[in-house]
Amino acid sequence: MRLLSLDYDPVYDKDTDRSTFTSDISVFDYDVVIWDPAASFYSYHHGYSEHYRGLRSLSDDTSVRIQGDAVRRRSEFVEFVNSGRVLVVIVRAPQKCYVDTGERTYSGTGRNRVTTRQVKLFDLLSALPVESGFSPMSGNRIGFEGDGPIVQLLRKYKKFLSYEAAITKVPGISLGHIVGTDKVIGSIQRSKAGGYLILLPAPDFLAKQTDNEAEEGEEDSEEENPWVPEAPEFQEELLAAIEQLSGNASLSRPAWAKSYFTDEQQHLQTEVVKQQKRVEVARAKLATLQQEKEAIDAKDQLFLGTGRALELEV
């Protein structure tokens, strides 16, 4: 079973790859994907200090990237789960920021001219393949519901789990709640094709150090393993629990199995490849058309633009 991590740590084993949400690594080469939205969000705003109304306000370029990545990944996630595979998402509080809309307003004249950048609110959790909602709240008093393989796993590793948000619009059925309340902090939803969207409370497998241990290990910290011994065991048992959900030893077919495809399977496989190529061609054509439209729209500044916007076109 092949696992892809999108900004989630730690991950292990030869059949596991670690990548980033913003990368172009496709999820479709894998059986299971685990995504940490908070780590992904940090990669966009790290080192950028501008704020607006108490939230990060991203630069022009980063605004384009984060919105484009969210749309692309959401499309992948939807198709991934609907093709019978498993997406695991760490439940985080809303990852909100302000993004540049590309629009500008101007006021004043001459040296007193002021350009105002227009922004809008954006949440990276919009990349989830289903409509959901999250309310920020944190703690570690978690109760679990049912006795399925995922719930059994969470019970076993309960001491490493905490919650950073409650799910206000629950996709599927609840896996756990805040003790003494009905606030859900984890859920699981099965697609018609047998895939799963699993929302898990946040695990923390970082080894805790005392101040003395931190000072002693400062010089060779890069060589030391920062994770507790249970970290690789959690990954192994998570994949085993997913296998139990799917009812298969593996969601992938070995290469040699292709020689035993029936005529119908071979035909469908050929059609799938054809349709995937058509999608790729369509996406490339769309990107080209969008670039051409942007170039043409920019010429409008010759009669609509003023100030710097007009100077750039002239």
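**Reading the salt bridges**

Author: A search of the whole structure finds 15 salt bridges. A salt bridge here is a side-chain nitrogen of Lys or Arg within 4 Å of a carboxyl oxygen of Asp or Glu. This is a predicted model: local features need pLDDT of at least 70, side-chain atom pairs count only at pLDDT 80 or more, and totals for chains, interfaces and linings use all residues. Residues are numbered from 1 along each chain as its sequence is written, and side-chain values use heavy atoms, leaving out hydrogens and water.

Reader: Which residue forms a salt bridge with Arg104?

Author: Asp60, with the closest N and O atoms 3.0 Å apart. Arg104 lies in strand 7 (residues 96-107) and Asp60 in helix 2 (residues 60-82), so the pair ties together parts 44 residues apart in sequence. Helices (H or I, at least four residues) and strands (E, at least two) are DSSP runs, numbered from the N terminus.

Reader: Which residues are linked with Asp60 and Arg104 in a network of salt bridges?

Author: Glu50, Asp100 and Arg117.

Reader: Are Glu76 and Arg73 buried or exposed?

Author: First the cut-offs: buried means under 20% relative accessible area, exposed over 50%, partly exposed in between (1.4 Å probe, protein chains only). Glu76 and Arg73 are both buried. Their side chains meet in a salt bridge, 2.7 Å from N to O. Both lie in helix 2, three residues apart, about one turn of the helix.

Reader: Where do Lys156 and Glu237 lie?

Author: Lys156 is in helix 3 (residues 149-156) and Glu237 in helix 5 (residues 230-246), 81 residues apart. Their salt bridge spans 2.8 Å, N to O. Lys156 is exposed, at 54% relative accessibility. Glu237 is partly exposed, at 26%.
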